[in-house]
Amino acid sequence: MSLKKRLVIAGAGSFGREVWQWAKDIHPEQRDWESVVFINDELTVSLENIIKCGISSPIISTIDDYIPEHNDLCVCAVADPKGKLSVVDRLIKKNVVFTNIIHPTCKVGIGCKVGTGIILCPYSVLTVNVKVGNYVIINIGSSIGHDAQIGDGVTISAHCDITGFSKLDKGCFIGSGARTLPKSRIGEFATVGAGSVVLKKVQANRAVFGNPAYYIK
């Protein structure tokens with residue numbers, strides 16, 4: 001008899017609690033796991049917060065102290081791209097197996113390709129021929145237009161509109177309600193502020209804000 005698989009959520013902060021809910025929303029017959037636990041660098045405050053929310057899943061260890069069990073499946077619920085990729089690197093060294101959390105209300109269209117360790121939150125949409133890398137977060141109600149490319153570690157916040165042929169490079173962060181015009185390019189680890197409209201390009205490691213978006217860093 002095979003061992004029961006469990007979902008290990010790395011990160012028990014605000015987004016981690018949301019991911020717990022989205023995971024629970026997946027019908028048991030569609031899940032690859034039967035139980036859920038957290039791992040988190042900070043234990044006391046995070047444990048208090050999940051208890052306040054009525055979440056019964058425990059925090060079993062810090063990330064560095066975590067020892068993967070044979071049937072564990074992991075997902076990283078850290079929204080900040082650099083922090084997320086750092087946690088992912090630490091888990092990869094432990095030879096963890098990553099899984100995807102795809103909420104049942106999501107729409108993934110024809111020709112789309114997604115990586116591993118991704119989180120698609122409620123009502124997010126990938127239209128057609130979208131390519132999504134590994135460890136990507138696409139939050140509530142965001143849409144990714146045709147032929148867009150989303151690099152590893154990208155975080156797209158809620159209610160964003162990433163239009164056709166846009167390219168988001170590794171580790172960039174898109175704030176809530178932001179949008180890109182078709183064929184826009186967001187460089188590695190760039191930040192697009194909430195509500196901003198990118199007309200064409202954002203350079204790597206820079207931050208923009210406004211409509212139209214202008215550099216603030």
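**Figure 1. Overall fold of the predicted model.** The protein chain contains three helices and 24 strands, and the model is predicted. Along the principal axes, its C-alpha atoms fill a box of roughly 55 × 35 × 30 Å. The radius of gyration is 17 Å, which agrees with the value near 17 Å for a compact globule of 217 residues. Of the 217 residues, 49% are buried. The chain exposes about 10,600 Å², and 53% of this area is supplied by carbon and sulfur atoms. Among contacts with a separation of 6 or more, 29% are between residues 24 or more positions apart.

Figure 2. Helix α1 covers residues 14–25, a run of 12 residues. From its first C-alpha to its last, the helix reaches 17 Å, close to the 16 Å expected at 1.5 Å a residue. The buried residues in α1 are Phe15, Gly16, Val19, Trp20, Trp22 and Ala23. Residues three or four places apart in an α-helix point the same way, because there are 3.6 residues a turn. The strands that pack against the buried residues of α1 are β1 (6–10), β2 (35–39), β4 (72–76), β5 (101–102), β8 (119–120) and β11 (137–138).

**Figure 3. The six-strand open sheet.** The strand order is β6-β9-β12-β15-β18-β21, and the pairing is parallel. At the edges are β6 (107–108) and β21 (197–198), each of which pairs on one side only. Within this sheet, strand β15 (residues 161–162) runs parallel to strand β18 (residues 179–180), and two bridges join them. Ile162 has Thr180 of β18 as its bridge partner.

**Figure 4. The eight-strand open sheet.** Eight strands follow the order β5-β8-β11-β14-β17-β20-β23-β24, and their pairing is mixed. The edge positions belong to β5 and β24 (214–215); each has a single partner strand, so one side of each lacks a neighbour in the sheet. In general, the strands of a sheet pair through backbone hydrogen bonds, in either a parallel or an antiparallel sense. Here, β11 pairs with strand β14 (residues 155–156) in the parallel sense, over two bridges. Opposite Ile137 stands Thr155 in β14.

Figure 5. Lys94 sits in the loop between α3 (81–92) and β5. Its relative accessibility is 25%, so Lys94 counts as partly exposed; the buried class ends under 20% and the exposed class begins over 50%. Apart from neighbours within four places in sequence, the contacts of Lys94 are Ile63, Asp64, Tyr66 and Pro68. A polar atom of the Lys94 side chain lies 3.0 Å from the backbone oxygen of Tyr66. Gln149 is 55 residues from Lys94 along the chain, and the C-alpha atoms of the two are separated by 29 Å.

**Figure 6. Surroundings of Thr99.** The loop between α3 and β5 also holds Thr99. With a relative accessible area of 8%, Thr99 is buried. When residues up to four places away in sequence are not counted, Thr99 touches Leu7, Asp32, Leu73, Cys74, Val75, Thr116, Gly117 and Ile118.

Conventions. Residues numbered from 1 in each chain as written. Predicted model: local features only at pLDDT ≥ 70, side-chain atom pairs only at ≥ 80, totals over all residues. Heavy atoms only, no water. Helix = DSSP H or I, 4+ residues; strand = E, 2+ residues; numbered from the N terminus. Expected span 1.5 Å × (residues − 1). Buried < 20%, exposed > 50% of the residue type's maximum accessible area, 1.4 Å probe, protein only. Contact = heavy atoms within 4.5 Å. Pairing = 2+ DSSP bridges. Polar contact = N/O pair within 3.5 Å; in protein donor to acceptor, adjacent residues only side chain to side chain. Rg over C-alpha atoms; globule rule 2.2 N^0.38 Å. Areas by Shrake-Rupley, 256 points an atom, 1.4 Å probe, with all protein chains shown as cover.
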